Every structure is written in structure tokens, then in C-alpha cells.
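Q: Could you show me how to read a protein model, one feature at a time?
A: Gladly! Let us look at it together.

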Amino acid sequence: MRAELAVLDRDITPAGGDYELVRRVIEKISLDYRQEPTLEQLAADVGVPP
């Protein structure tokens, strides 16, 4: 069975403009995973629309 790859429309590499945003979201999920934050909560925490 072959896994499907996500196709991103933004550059999230360290040189890309969204790297810091993605890093913050991953950090937030890592810290709050037991509370199961919603997309809306994560977006509000990092200051972007869901």
C-alpha cells in the first residue's frame, strides 16, 4: 500500500515565508495535544484565519 503525499501550495521550508507559522502551530499542537485543540483554536493562537 502506498501512502498519499500532501500537496502544499506554500513553501514551508526554512527559507520559505510560512516556516515560522508552521513551526508555531506544530509547537502548539505538541504542547496541547491532550486538550485536542480545534483548527479554530490553533488559528486564533497563531493569529491567522482557519
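A: We begin with a cut-off: a residue is buried when its relative accessible area is under 20%, exposed when that value is over 50%, and partly exposed in between. Keep in mind that this is a predicted model.

Q: With that cut-off, is Arg23 buried, exposed or partly exposed?
A: Arg23 has a relative accessible area of 32%, so this residue is partly exposed.

Q: What share of the chain's residues counts as buried?
A: Of the 50 residues, 10% count as buried. The chain's accessible surface is about 4600 Å², and carbon and sulfur atoms hold 56% of that area.

Q: Why can side chains pair up?
A: The general idea is that side chains of opposite charge can pair when their charged atoms come close. In this chain, the count comes to four salt bridges.

Q: Which residue does Arg23 meet in a salt bridge of 3.4 Å?
A: The partner is Glu27, and the 3.4 Å runs from N to O. Both residues lie in helix H1, four residues apart, which is about one turn of the helix. Glu27 is partly exposed because its relative accessible area is 41%. Glu20 joins Arg23 and Glu27 in a network of salt bridges.

Q: Which residues form salt bridges with Lys28?
A: One is Asp32, where the closest N and O atoms are 2.6 Å apart. Asp32 and Lys28 are both in helix H1, four residues apart, about one turn of the helix. Lys28 also forms a salt bridge with Asp45, with the closest N and O atoms 3.3 Å apart. This pair links distant parts of the chain, as Lys28 is in helix H1 and Asp45 is in helix H2, 17 residues apart. Asp45 has 44% relative accessibility, so Asp45 counts as partly exposed.

Q: What does the side chain of Ser30 reach?
A: Ser30 is in helix H1, residues 19-32, and its side chain reaches the backbone oxygen of Ile26 at 2.9 Å. With a relative accessible area of 47%, Ser30 is partly exposed.

Notes. Residues are numbered from 1 along each chain as its sequence is written. This is a predicted model: local features need pLDDT of at least 70, side-chain atom pairs count only at pLDDT 80 or more; totals for chains, interfaces and linings use all residues. Side-chain values use heavy atoms; hydrogens and water are left out. Helices (H or I, at least four residues) and strands (E, at least two) are DSSP runs, numbered from the N terminus. Buried means under 20% relative accessible area, exposed over 50%, partly exposed in between (1.4 Å probe, protein chains only). A polar contact is a pair of N or O atoms within 3.5 Å; within protein, one must be able to donate a hydrogen and the other to accept it, and residues adjacent in sequence count only if both atoms are side-chain atoms. Accessible areas come from the Shrake-Rupley method with a 1.4 Å probe; for residues, only the protein chains shown count as cover. A salt bridge is a side-chain nitrogen of Lys or Arg within 4 Å of a carboxyl oxygen of Asp or Glu.
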